[in-house]
Amino acid sequence: MKKSLFNKDIIFWGLFVVVFGSVPFLKQSDYHLMLANSILIWGMFAVAFNMLFGVTGMLSFGQALYYGLGAYSVGLVVKNYGPSLFLPAIGLGVVLAVITSILVGLLVIRLSGVYFTVLTLAFGQLAWQITFRWYHFTGGDDGIQGIMPSGVLENHTVYYYFTFVLVILAIWFLRRVANSPMGLVLRCIRQNPERVRFLGRRVRRNQLRIYVISSFFAALAGGLMTGVTNSIHPDMFYWTTSGEVILMAVLGGIGQFFGPFIGATVIIIIQDVVGARTEYWSLIIGLIMMVMVLGMPRGLVGEIRGLKARFAPGRMSRG
Amino acid sequence: MEPILELQNVTKSFGGLRVTSDVSLSVAQGSISAIIGPNGAGKTTIFNQITGYLKPDSGKIFFCGQDITELNTRDIVTLGMARAFQVTSFFPEETVLDNVRVACLSQKNKTRNLLKGVDDFKDATDQAHKILSSIGLEKEADRPAFELAHGDQKLLDIGIALALQPKLLLLDEPTSGMSPDERLLTRNLVKKLWKEFNLTLIFIEHDMDTVFGIAQTVRVLQMGRLLAEGSPEEIRNNPEVITAYLGEEVL
């Protein structure tokens, strides 16, 4: 058991490092670098989101709140105080996200199931409205353009490797959490919260912890993304952003730790390939999601592993 | 000796229905006792109040001399009380080992750790294996719990409770849904665990062979009231209990 888990991780990490590490050498244009960078950042966002959804069973429809918070922290600081504060601004974003997620979390975690989901959505939409209306501070609908990191990070390849390393650290950390006693308790909370109380554990306290951790990485993703797109806009707070990260997780497989990263990769590539040919790319995403939910409910990674288990010798005797 | 658990005039109503009516009882440390009674007598409701899952409307509950009436489940469990459920309650997707191990980790207060792997906690893992051998599920350690047969799931539920190293263990119908053979095995197992882990044990049960086979004291509930309390012999011959619950044919 232990060994096979180890092997699966090695496969992911090996592929991950080889594929994403070699993009700057293989790219035909800076556009490819930007695409790979987006995949890295969204992949991290999706894996962190899935710690909340797939692992703990909390479907937040409001992670855009923290993604936007991370992005706007960087955008506003760079616009008002200059690009030299790009990195501290990313730090500011995650700190704000931690504080906000504790406050919002204390309110929303009192509710469970669909009520939790709706309330997270409401908070996200509230943040979007504020950003949208507060024109002279946030730039309103126009957002802010021309956000650049300073120094060596100005170089696209350097920035790419910078995010590459951060994403590795983030996913490695989240993997540790998933395998830790706390990760086990979180999975147990999803399956049987009542019994967790009878183990002498506080369910809501643990839910709040993972909500804060997940939001931390959502804000980190938002902050890092500003260095890729060089702009921010209120849509980063919009529910479609929350929806997109959910789609990625579901597509890749919420029961698999690395599934959401694969989901992010597939969705971003589809958006890119289909988006170049037709403006109706969201229709294609919708169709794919329908097929996935109806035909492959365990997600890409989950179904592939299911197939492997089915044909693997030795497993049959287990029945 | 001071009783480990004491209920004083505990009363609880759901709407107009009195589910627990002025129940007072005292459970001796290290004893094994049964609660019996017809369906709807309020047996599980008593367990729910003892474990803080429901609050009594009036009355007091003491555990190890401490008033626990107003405490929540989590705090009561931390004081050394554990429970297995009538409808088996466990973590279906986790392995059998992890079901028990999460309880071991919780008991050792290690569940806040988020950077060490579960496997790194050798003592919790060893202890979980020990409990699995005690309840006879060692062979199933690596299987997901949902794959177990019903009887084994009941045992796993007990194993999870045992892993908390409780002073007082409450079992809600440990043999329900089992075949006669399984019931016999479980009866012997419960008695063995009681001795092996130095427990005070209270169980709710409908299977009279189990009740009269292993309980030192039997308490009979009827419509929320404590109808009788005594040794198995006394209860078996109590005319009130016979008309209310046991019926003539049992004897």
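Against which elements do the buried residues of α3(B) pack? In this predicted model, the partners come from both chains. They are α8 (181-191) of chain A together with α4 (122-134) and α5 (150-163) of chain B. Helix α3 of chain B covers residues 96-107. It is mostly covered, with 12 of its 12 residues buried. Among them are the nonpolar residues Val96(B), Leu97(B), Val100(B), Val102(B), Ala103(B), Cys104(B) and Leu105(B). The charged residues Asp98(B) and Arg101(B) are also buried. The length of α3(B) fits its residue count: at 1.5 Å a residue, the 12 residues should span 16 Å, and the end C-alpha atoms are 17 Å apart, which agrees. Asn109(B) follows the helix and has a positive phi, near 60°.

The contact between the chains takes 22 residues from chain A and 29 residues from chain B. On the side of chain A, the elements that give two or more residues are α7 (156-179), α8 and α9 (193-197). The largest share, 7 residues, comes from α8(A). By class, this side of chain A divides into 9 nonpolar, 5 polar and 8 charged residues.

Chain A itself comprises 14 helices and 2 strands. Its radius of gyration is 20 Å, close to the 20 Å that the globule rule gives for 319 residues, so chain A is as compact as a globular protein of that length. Along the principal axes, its C-alpha atoms fill a box of roughly 65 × 45 × 35 Å. Of the 319 residues, 46% count as buried. Among contacts in chain A with a separation of 6 or more, 77% join residues 24 or more positions apart.

Helix α10 of chain A runs from residue 203 to residue 229. Its 27 residues should span 39 Å at 1.5 Å a residue, and the end C-alpha atoms are 39 Å apart, which agrees. This helix is mostly covered, with 21 of its 27 residues buried. Asn230(A) comes after α10(A) and takes a positive phi, near 60°.

Chain B is assigned two domains, domain 1 (1-80 + 166-251) and domain 2 (91-164). Their centres, taken over C-alpha atoms, are separated by 26 Å. In the contact between them, 12 residues of domain 1 meet 9 residues of domain 2. The elements of domain 1 that give two or more residues to this side are β7 (168-172) and α6 (180-196) of chain B. The largest share, 4 residues, comes from α6(B). By class, the side of domain 1 has 9 nonpolar, 1 polar and 2 charged residues.

Strand pairing in chain B includes two antiparallel arrangements that share β4(B). Strand β1 (residues 5-14) is joined to β4 (residues 58-63) by 5 bridges, and the two strands run antiparallel. Here Glu6(B) stands opposite Phe62(B) in β4(B). Strand β4(B) also pairs with β5 (residues 66-67) of chain B, in the antiparallel sense, over 2 bridges. In that pair, Phe63(B) stands opposite Gln66(B). The hairpin of β4(B) and β5(B) has 2 residues between the strands, and Cys64(B) takes a positive phi near 50°.

Conventions:
Residues numbered from 1 in each chain as written. Chains lettered and ligands numbered in written order. Predicted model: local features only at pLDDT ≥ 70, side-chain atom pairs only at ≥ 80, totals over all residues. Expected span 1.5 Å × (residues − 1). Buried ≥ 20, exposed ≤ 12 C-beta atoms within 10 Å, placed from the backbone. Contact = placed C-beta atoms within 7 Å. Pairing = 2+ DSSP bridges. Rg over C-alpha atoms; globule rule 2.2 N^0.38 Å. Domains from an automatic or database assignment.
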